[in-house]
Amino acid sequence: MGLSERLHAAAAPIWRKTLAHPFITSLGDGSLPLDNFRFYMSQDYVFLIEYSRLLALATAKAADLETMGRFANLLDATLNREMALHREFAAQCGISPTALAETTVAPTTYAYTRHLVRAAALADLPEIVAALLPCQWGYCEIGQMLARRGKPAHVPFYGQWIDMYASAEFAALAAWIRDLLDTYDGTVDEKRLTDTFCASARYEYLFWEMAYRMEQWPV
């Protein structure tokens with residue numbers, strides 16, 4: 001069992017809860033209210049902005065040109081393609097570009113992105129990879145799981161979302177990040193990476209919970 005699999009095993013209890021979360025299961029069968037999906041899309045837009053900061057710092061901290069190039073390409077794809085697609089998809093769901101840009105960050109989004117950016121700023125590349133991997137790996141598993149169950153034909157927005165995360169391209173990205181983490185096996189403080197990985201896995205669960213409850217700041 002490689003390093004990434006050992007970290008995944010450490011996070012197994014929260015990982016199982018995430019895969020069974022009602023936001024995900026109701027998205028898969030088409031019963032999720034559109035307001036909840038719009039809330040999720042808006043918070044995910046905020047997340048992508050901060051995720052781009054993590055990718056920029058990962059690029060700077062990469063030890064070799066190949067890894068630097070992969071992170072730089074991912075940063076470019078996120079900033080210049082994925083976010084544009086996100087805006088277009090949000091518009092189809094009834095969220096205007098202005099409303100998306102003016103999204104008020106929810107408490108969980110704020111906490112999760114601060115966790116990621118702090119790891120990117122203060123830690124070395126192995127820990128940065130451990131921090132970001134639960135997002136990539138988790139979305140890949142969710143997309144493939146929902147695709148196997150069958151897309152909700154009566155809610156095309158949800159079917160498009162499932163297609164994106166069930167795609168071979170997204171699976172290849174998640175596999176590259178897992179493989180990168182495995183190259184550090186035996187050369188890093190595994191407990192520290194496990195703690196970071198598990199924290200991100202817990203935030204992934206909380207992100208879905210936030211969207212399901214449409215979390216707001218206390219008045």
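In which handedness of crossing does helix 7 pass helix 11? The model is a predicted one, in which local features need pLDDT of at least 70 and side-chain atom pairs count only at pLDDT 80 or more, while totals for chains, interfaces and linings use all residues. Residues are numbered from 1 along each chain as its sequence is written, and side-chain values use heavy atoms, with hydrogens and water left out.

Helix 7 passes helix 11 in a left-handed crossing, a term for the near helix being turned anticlockwise from the far one by less than a right angle. Helices here are DSSP runs (H or I, at least four residues), numbered from the N terminus. The axes of helix 7 (residues 107-122) and helix 11 (residues 190-213), which are lines fitted to C-alpha atoms over the stretch in contact, come within 9 Å and cross at roughly 160°. The two helices are therefore roughly antiparallel to each other, the word used for angles over 145 degrees.

Contact means heavy atoms within 4.5 Å, and among the residues of helix 7 that meet helix 11 are T108, Y112 and H115, while those on the side of helix 11 include A199, Y203 and F207.

Turning to helix 3 (residues 22-29), F23, I24, S26, L27 and G28 are buried, that is, under 20% relative accessible area with a 1.4 Å probe and protein chains only. These buried residues pack against helix 2, helix 4, helix 8, helix 9 and helix 11, and helix 3 is followed by G30, whose phi is positive, near 85°.

In helix 8 lies V129, which counts as buried because its relative accessibility is 0%.

Terms used. Axes are lines fitted to C-alpha atoms, for helices over the stretch in contact, and angles run from 0 to 180 degrees between N-to-C directions. Angles under 35 degrees count as roughly parallel, over 145 as roughly antiparallel, 65 to 115 as roughly perpendicular and the rest as oblique. Buried means under 20% relative accessible area, exposed over 50%, partly exposed in between (1.4 Å probe, protein chains only).
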